Amino acid sequence: MPSLPLSGQLINLFAALLLLLAFAMLTQRRILSLINLFALQGFVLALSTAVVAYSTHQGHLYLSAAITLGLKVVLLPWFLHWLIRKLNVRWDVESVVNIPVQMLIGIALVIFAFNLAAPISQFAGTITKSALGIATASILLSFLMMITRRKAVSQVIGFLAMENGLFFAATSATYGMPMVVELGILFDVLMGALIFGVFFFHIRETFESLDIHHLEKLKER
Amino acid sequence: MNQASGIAFQVLQSVLVVLIAPLVLGWVNQCRAWLQNRSGAGIWQPYKVLNKLFHKDAVLAHNASPLFRATPYILFGCMWLAVGIVPVLATSLPFAPAADVIALVGLFALARVFVSLAGMDIGTSFGTLGARREMMIGFLAEPAMLMTLFTASLISHSTSLVTIVETLGQSEFVIYPSMAFAAIAFLMVLLAENARIPIDNPSTHLELTMIHEAMILEYSARHLALVEWASSLKLTAYITIGIAMFAPWGIAQAGDWTGVPIALAALVLKLAFAGAGLAVLETVSAKMRIFRAPEFLGTAFMLATLGMLTHFVLET
Amino acid sequence: MDFSSLQPIEVAVTLSVIWIGLGGIALAFASTPRIVTDAVFPAGAVVALALALTGLWAMNAPASAAILPAGLPDLPFHVRLDALSGFFLLLLGGVSFGISLFSSGYFRHGDQPPGLLCLQYHIFLASMAFVLIADDAYLFMVTWESMALSSYFLVTTEHRSEQNRRAGFIYLLIAHLGAISILLSFGVLHGGHGDYTFDALRRAELSEFWATVAFALAFFGFGAKAGMLPLHAWLPEAHPAAPSPVSALMSGVMLKTAIYGMVRVIYDLIGGIRWEWGLTVLLFGAATSLFGVLFALMQHDLKRLLAYHSVENIGIILIGIGLSMVFIGSGHPVAGVLGLIAGLYHTLNHAVFKGLLFLGAGAILHSTGLRNLNEMGGLIRYMPHTAFYFLVGALAISALPPLNGFISEWLTFQASLQAPLLESSVVRSLVPIVAAVLALSGALTGMCFVKVYGVAFLGQHRHALAEKPRDADGWERAGMAWLALGCLALGLLPVFMIGQLNNVSQVLLHAGLSEEALASGWLWLVPTSSAQASYSPVVFLLVIGAVFGLTFLVVRQVYHGRLRRADPWDCGFPEQTSRMEDTADGFGQPIRHIFAPVYQIRREIPRPDDPYPVFRQEVEDRHWEWMYLPVARFTEFLSRHIGKLQQGRISVYLLYSFITLIALLVFAQ
């Protein structure tokens, strides 16, 4: 296989780092480390968008990278840190299934995602089409993280990480979305995070805890 | 390259690495001391310890078997062979075709089995505790190491260390993302197999927190000296395997005497850097609870397997 | 007799018949056990060695066939000896040589008369030999059945124990389930025309669907005999119940006849291998190997532990064969050859080291009467020879260089690293996972044998022994030494055997290893090319040995060699007893903790104020609850309902005959 130009290799490297961070978030126990890993993931994402912008000479991707940097590396992590300080939730994250089983399911999802993306990536016209499989895998891993966590804050982080994966898939397969769509999605994410924050206060007031088990008491019988 | 030159290279590499292994350990301990704001014992301390131990009379328990007495020599022999195979100074040495990466892992496994058996030999609870814990660490560390090496093998289409070094070091510069996964997994395995923090504390005196030290509690004098020397050789071997896979520049060709000074200088520089890095890593981490260790190693195993899968997606 | 035109097949048949004859002699002289143990068993050993040499001869000669003057008038028995059968005859003969020598010493001091046992033993051996050379489905099934029956009688030798009877029942039941499946598979291959010779079965053209059905039936049937998941439940019951040499024979050789059957039917008779079949074999093999070793780590009965390790090693053999099938099905014959050779080499290795380990367990049982690891300890002082041979076996099974277990695992890894050749990305991702599972089970095996050797031979006695144990006697030592020598030879000089196995793959696949692989000489093992991989066990041994010797001498020269004895380190606590060292269960505690969901553990924990606390734990196989008991209950349910047909009144039975007659008359129109 002829080796890719340096930009292509860098993007593959960032894809691998993204997957690594998604896996690391899956196996993390402490909520502070989760937020830091999320911020790191945002940073890697911004770098990779910048590299794609440089190699394909698409100016609007520089703007995307800057927005990603501002929103996902600075604003959202700061907001999450403020949230957990206010809610006083500095505990260890508990999960529904234990960590080794989560890792095994994670590996199975990764294989599934790779096989799923293989025929699709043949049709993409970019230099980084093989990164599509990795993006799909990180989306699925973040979804798994949302499913297997008990505390609400980590579920939010899973949701945000999923959006990271989607963004990376878009950048690598189609060189980014139209600017309007991107701005719209980012605004939605910001609003979503704020609404989550409001809901957490309500849940905490009602149940004295953020364990989502308590939400099951709301069912009919 | 003729026979005599090759053999000379082989002997030079083996003897050199065996002699500087305690120095590597001393350097790591000295860096740790500096980071902990102590003045430390100096980088030559391990040599003084070895000398002191060799002078002493050996004390054996009444019921020690011949296996117990033979194990330090077998350990030392295994580690000597290991550093003879890894391309430290030069590739294409005469011994290099004797073992590939799988055989190298098998060699470390042989050493681990013998030292565990020796730990169980006397029949005290400390020895069996150490043996049990060592095998618990080993059963996950060995497959993780194997998967890491397989990632490198898949890239270079070979399990021979010579070919791996040549493919990764002497061809054009390419970034392999799967090697990123493999590097992290390898680092975790290195910490576990060489009994460093966060798995085991090499300077602990509390028997209940020991893993490696508990197994060799009964050894004294020359036996202990050989076991300690073999441990420092194992650390050096692991560091050189890491260098061969992830930073293989500067290794000479066997028979090429002009490349030796460069190779030596590169080796010293890399070992110093690696030793300092290891000391930093040990200082910022805390020792884990014993049953967190399998999770730690399980993560390494998963990362290495993930690296292999990533290779199939991104690099073919 | 014209020796120049002697065919290997004739020699093989003659030797097998001699075995039956020896059994008959043993029965005739059952009243004088001395003759049985001193003459018949050694004679059987000599016949075994001759059979092994015949097998070796057959691997290098063209296939020879014969028709025996036995069987039914129109269906005579056909026999044929080609390279594949020759390899397995070599395995049978070589391993049973050591086991027969051991038996000669073992049954000398036993309490049961060995005459009948010797008859059953030799019929067992002869049946296995005939299974390997059978060339038609009829002879194959007859000898398969006699193999199962004779081993059933051997397993229930000590029939006074309820547990042994139960073990024999389970064994016979699953053996017959497997036999029915194999019979059906032959039926599918037959296709409805021609006779049942293997030649006819080979030539029959099958559609894809029927070929897959035949494969599934054969895989299930031979897998039941081999002890594959989920039909393994008989192995941990039957192997401990039998006398130790018989366990060695069953674990070492009988399981391999099942592998022979699988290879023969799938590669030779069905042909046209599809990669989906290979993937099935691969996945079952991986699951079996991991399951086997995890359960072996939980056992404290030595023979049960070794039986679970047999399950694990069958899994490893299936991984090799599965890889081979995947590569052949995807059109890469050279990689397929590598996988097949890896699987077959492991078959031979396992026979040798498992036989050795069971013989060692038998020697321990003989000397001390102990089978429970928790009661042994410190035996290396009383049984140094047995300890040495057992160490060789333990190192071999843990796949440590430079012994033989490492060679076959190495070859299997090399085969799995050919995965980039495959196009299907699902299979290409699964092969590294299987390689990871193989590495994991190899490492766990090492842990298990450190436990076994450390608890049994090293340390101190855990319970007081009635009398000082004596070491194995001359015959027992000879048997173990032969097998240990086999482990060493197969480990140090693998190139010879690989050359022989190349002949086997030429016969089955019409493809062999590359030129460079075969031309590397006896010192270096090179499966594909030396740039890709090479290994030299002799260099390993020489360097380690040289460093050992040199260091010993140099240290004594430069410093000194003084030594004195003292008490062990007790951390200032003077009341250390031998009960404070780890038991087998204690050693396995980390694995129980880590893999807890896999096991079904029943615990009895003493009350805190109990003056004599006893902690009891039973680890059970979940397959009984998931599979075996539901099937048994369903069968009982069906039988109860069908039993209603048995009314007990004669007029009802006459009615049944009448209805059948009417039905036949209707259909015959």
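This is a predicted model: local features need pLDDT of at least 70, side-chain atom pairs count only at pLDDT 80 or more; totals for chains, interfaces and linings use all residues.
1. The surroundings of C:F140 can be listed. Leaving aside neighbours within four places in sequence, C:F140 is in contact with C:V131, C:A134, C:I182, C:F186, C:F198, C:F222 and C:Y260.

2. Over all chains, the structure holds zero disulfides. B:C78 is in no disulfide, and the nearest cysteine sulfur, that of C:C487, is 18 Å away. B:C78 is buried, its relative accessible area being 0%.

3. Chain A has seven helices and zero strands, and its pattern along the sequence reads α-α-α-α-α-α-α. Of the 221 residues in chain A, 53% are buried. Among contacts in chain A between residues at least 6 apart in sequence, 75% join residues at least 24 apart. The accessible surface of chain A comes to about 10,400 Å², with 69% of it belonging to carbon and sulfur atoms.

4. At the interface of chains B and A, 22 residues of chain B are in contact with 20 residues of chain A. The two chains bury about 2,000 Å² between them, 80% of it on carbon and sulfur atoms. On the side of chain B, B:I175, B:M302 and B:L314 supply 30% of the area buried against chain A, more than any other three residues. The count of salt bridges between chain B and chain A is zero.

5. Over all chains there are 24 salt bridges. One of them joins B:R112 and B:E193, with the closest N and O atoms 2.9 Å apart. B:R112 lies in helix α4 (residues 101-121) of chain B and B:E193 in helix α7 (residues 177-193) of chain B, so the pair ties together parts that are 81 residues apart in sequence. Both B:R112 and B:E193 are buried.

6. A further salt bridge in chain B is formed by B:E282 and B:R196, whose closest N and O atoms are 3.0 Å apart. This pair links distant parts of the chain: B:E282 is in helix α10 (residues 260-284) of chain B and B:R196 is in the loop between α7 and α8 (212-215) of chain B, 86 residues apart. B:E282 counts as buried at 2% relative accessibility, as does B:R196 at 4%.

7. In chain C, the side chains of C:E581 and C:R462 meet in a salt bridge (3.8 Å, N to O). C:E581 is in the loop between β3 (563-566) and α21 (584-587) of chain C, and C:R462 is in the loop between α16 and α17 (474-492) of chain C, 119 residues apart. C:E581 is buried, with a relative accessible area of 4%, and C:R462 counts as buried at 5%. Salt bridges that share partners also join C:R80, C:D82, C:D199, C:R202, C:R264 and C:D268 into one network.

Definitions and conventions:
Residues are numbered from 1 along each chain as its sequence is written. Chains are lettered from A and ligands numbered from 1 in the order in which they are written. Side-chain values use heavy atoms; hydrogens and water are left out. Contact means heavy atoms within 4.5 Å. A disulfide is a pair of cysteine sulfur atoms within 2.5 Å. Buried means under 20% relative accessible area, exposed over 50%, partly exposed in between (1.4 Å probe, protein chains only). Helices (H or I, at least four residues) and strands (E, at least two) are DSSP runs, numbered from the N terminus. Accessible areas come from the Shrake-Rupley method with a 1.4 Å probe; for residues, only the protein chains shown count as cover. Buried area is the accessible area (1.4 Å probe) that two parts lose on being put together, summed over both. A salt bridge is a side-chain nitrogen of Lys or Arg within 4 Å of a carboxyl oxygen of Asp or Glu.
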